Amino acid sequence: MSAESLTEGAWRPADDPDPRRTSVPQRLRFLEPLTCLALAVHALAIQVVADEGWASAINGAVAILVVLGVVGLVGWQGPASVTVRAAAILVLGYLLMALNDHVSGYFLLWYFVLAAVYPLVLPREIGRLVAVVVPITYLALLPLEAADGPAPVALVRAFSLALVAAFVHTAASAYRAAVADRDRALALLDTYVDATPVGLGFWDLDLRFRRLNDAMAALAGLPVKQHLGRAVTDIATSTPPLALNLHRVLMSGQPVGDVELTDGERAWTSSYFPVRLGGTVLGVGAVVIDVTDQRQAARALAHSATHDALTGLPNRALFSDRLEVALQQATRGGGVVAVLFCDVDRFKVINDSLGHAAGDDLLRAAAARLTGVVRAGDTVARLGGDEFAVLCQEVTDLEEAKAVGERLCGVLRDPIEVGDRIITSTMSVGVTICVAGEQDAADVLRDADVAMYQAKDAGRDRVAVFDARLRTSVSERFEFHGALRRAVDQGEITVAYQPVLALGEPGPDGEPSRPEVVGVEALARWHRPGHGDVSPAVFIPMAEDLGLIHALGEQVLRAACTAVRRWRDETGRPLTVAVNLSARQLAEAGCVDDVAAVLSDVGLPPTALQLEITESVLMVDLEHSLRQLGALRARGVRVAVDDFGTGYSSLAYLRDLPVDILKIDQSFTRRLPGDQEMLAFIVQLARAIGATTVVEGVETREQLDVVTRVGCDQAQGYYLSRPLSPDAAAEYLGATPCAVAR
């Protein structure tokens with residue numbers, strides 16, 4: 001970089017690959033054309049003492065020098081122009097001295113001026129020739145006897161000219177080498193300065209940009225060239241603190257650090273300091289660091305620490321924080337705070353059958369729906385897994401909190417699009433009202449959690465309100481979990497069998513014919529030591545939640561198939577066995593192969609097995625259910641829809657379901673004979689799709705007569721037979737076909 005470049009403030013290396021060739025101080029470039037004008041004045045002065053005949057020659061030389069000098073002053077200052085002016089002085093001096101007049105010796109001064117000045121301003125190669133060309137040109141006057149003196153004197157003068165030119169050329173070369181070394185050092189420094197993400201700048205005493213890098217220029221969003229030479233107030237209009245602190249440092253002479261600059265979403269930290277050379281202040285420097293990404297990362301990290309990454313909802317920590325604040329406010333103001341603990345029912349089934357991506361989609365959809373139905377100011381949080389919580393501040397009473405819970409349950413019942421599938425899901429919600437001043441956040445969440453489990457135990461898809469008496473059930477629940485695990489591991493779950501009888505056509509006298517046993521339904525039973533019998537409605541859902549249903553289902557299926565295989569051999573009857581299939585079992589990819597393996601091990605024909613699945617399980621993921629049930633039927637296994645009529649959407653899909661049997665829910669049987677038309681409709685519907693009907697819950701002779709008259713194919717219930725132990729079932733099957741108690 002040339003010296004004048006530094007003076008003008010450019011922070012860029014010279015374009016010339018070798019600055020030593022052309023590096024000339026700006027002042028010399030300006031003064032060099034004045035040399036021609038000075039020599040022109042010198043020629044005019046000589047004209048005063050010259051003869052008249054010299055006037056035209058001197059005036060011609062003056063005219064040429066004036067033109068060259070003026071043209072140089074107005075801008076013709078490149079290496080070519082300097083060479084032309086040097087050559088003109090050399091030639092004009094030679095011609096004027098060659099006239100050999102008594103004044104011609106005065107023009108010898110021009111050669112000394114040429115030797116003393118032009119090696120400084122000419123290009124390096126041409127400047128070197130001055131020490132040779134000027135003395136030779138002067139010596140060329142000797143034959144003309146115009147060298148202004150004898151030959152020895154002329155030789156001394158020629159030597160002096162060469163010595164002056166050589167000295168000046170050496171000085172110019174040294175200067176150019178120093179400038180080149182400095183430029184290379186600055187260019188290397190500039191390479192690092194421009195590469196650094198830290199903004200660096202220097203302003204002069206008038207606070208004008210003199211040096212800066214790209215990172216500093218990015219502060220105003222303008223290129224470096226548009227900054228140089230301009231006042232900071234003209235550039236930094238978007239960041240006034242920059243100009244303010246530069247002025248502050250300039251006035252006080254003291255550094256200023258850690259000043260934040262902002263422009264929209266961008267942020268920088270800046271420091272300012274006086275730039276001194278010795279004891280003289282040359283200007284002000286600044287260092288600016290873009291911290292936008294760091295700030296955004298810090299905000300993202302803070303957000304991730306308090307929010308769930310999957311749904312974007314507040315997490316457990318933030319929810320507990322807000323709950324604590326709400327409790328404190330309620331204590332001071334006497335308000336009522338409610339917490340609702342929500343758990344997605346059968347989430348593991350969806351996760352296992354469709355994969356974690358589908359499970360994530362379901363959780364995101366659930367989060368969006370829950371957020372959409374709560375009141376303004378309420379907080380919806382994801383506590384983890386498939387658990388959500390809602391904080392309702394300033395509720396009026398328990399009924400309002402329950403109404404929120406009902407909305408939460410209702411909004412999740414609508415089908416949800418997961419990928420390219422439509423699934424249905426439900427939610428169990430536990431509600432608790434906080435007692436201000438008596439509970440902390442952990443206690444409130446625990447109570448709401450307990451209430452949620454009560455909702456699950458009551459059948460899922462409902463709202464349960466916490467009762468203080470339920471607190472004791474928490475430890476009992478954990479004890480129950482452990483007992484159930486042991487029961488499954490140790491084979492304590494037994495199987496009872498309820499006979500299923502075929503209903504004959506009425507005889508000529510209108511009396512129904514005797515039903516005959518065609519099969520049994522296998523029912524899991526658990527007698528918990530010290531506690532008595534546990535209802536399947538309690539321990540089956542719990543086994544699903546604990547991940548025990550696969551082992552339990554396989555035990556029941558194997559035991560039932562083994563028993564029926566033995567009874568078929570003993571009685572010679574083509575008995576069938578109906579076994580319930582849980583949602584989690586159906587969701588398992590290996591379900592079909594597992595069933596086939598049990599049948600093969602036991603030796604039971606696939607046609608003797610009926611797998612029962614409820615409508616609600618079918619609707620969780622209809623497409624997957626159709627695929628799994630179709631594969632089972634392809635193996636020869638018959639498929640039954642259990643508790644038919646209690647669902648809300650199965651009729652729309654009934655014709656597409658691979659179903660062999662419809663088991664009519666006992667809720668229809670209990671309403672007989674009043675619900676006879678509805679029962680008849682279901683029977684006709686089953687016949688339309690080629691399915692067999694089995695009526696559950698027949699408990700009276702009147703009910704049996706009605707279901708026979710409307711054309712039901714099979715029936716089961718206490719009137720026909722209660723569930724029997726394996727030994728009692730064997731005895732029952734060995735009795736006469738008409739085993740109905742009259």
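This is a predicted model: local features need pLDDT of at least 70, side-chain atom pairs count only at pLDDT 80 or more; totals for chains, interfaces and linings use all residues.

**The open sheet and its helices**

Mentor: With a relative accessibility of 68%, V74 counts as exposed, because exposed means over 50%. V74 belongs to a nonpolar patch on the surface, together with V66, V67, V70, V71, W76 and V84, and the patch has about 560 Å² of accessible area. Helix 3 (residues 55-73) gives the most to this patch, with 4 residues.

Five strands make up an open sheet with mixed pairing, in the order 7-8-6-11-12. At its edges are strand 7 (379-384) and strand 12 (463-465), each of which pairs on one side only. On average, neighbouring strands of the sheet are turned by 20 degrees against each other, direction ignored.

Within that order, look at strand 6 (residues 337-344) and strand 11 (residues 427-433). These two run antiparallel and are joined by 7 bridges. As one example, V339 has T432 in strand 11 as its bridge partner.

Two helices lie across strands of the sheet. Helix 14 (residues 356-373) lies across strand 6, strand 7, strand 8 (387-393) and strand 11, and runs at about 10 degrees to strand 8. Helix 15 (residues 398-413) lies across strand 6, strand 8, strand 11 and strand 12, and its angle to strand 11 is about 165 degrees.

Terms used
Residues are numbered from 1 along each chain as its sequence is written. Side-chain values use heavy atoms; hydrogens and water are left out. Patches are made of residues with over 30% relative accessible area and no salt bridge: like charges are joined within 9 Å, nonpolar side chains (Val, Leu, Ile, Met, Phe, Trp, Tyr) within 5 Å. Accessible areas come from the Shrake-Rupley method with a 1.4 Å probe; for residues, only the protein chains shown count as cover. A salt bridge is a side-chain nitrogen of Lys or Arg within 4 Å of a carboxyl oxygen of Asp or Glu. Buried means under 20% relative accessible area, exposed over 50%, partly exposed in between (1.4 Å probe, protein chains only). Two strands pair if DSSP finds at least two bridges between them. Axes are lines fitted to C-alpha atoms, for helices over the stretch in contact, and angles run from 0 to 180 degrees between N-to-C directions. Contact means heavy atoms within 4.5 Å.
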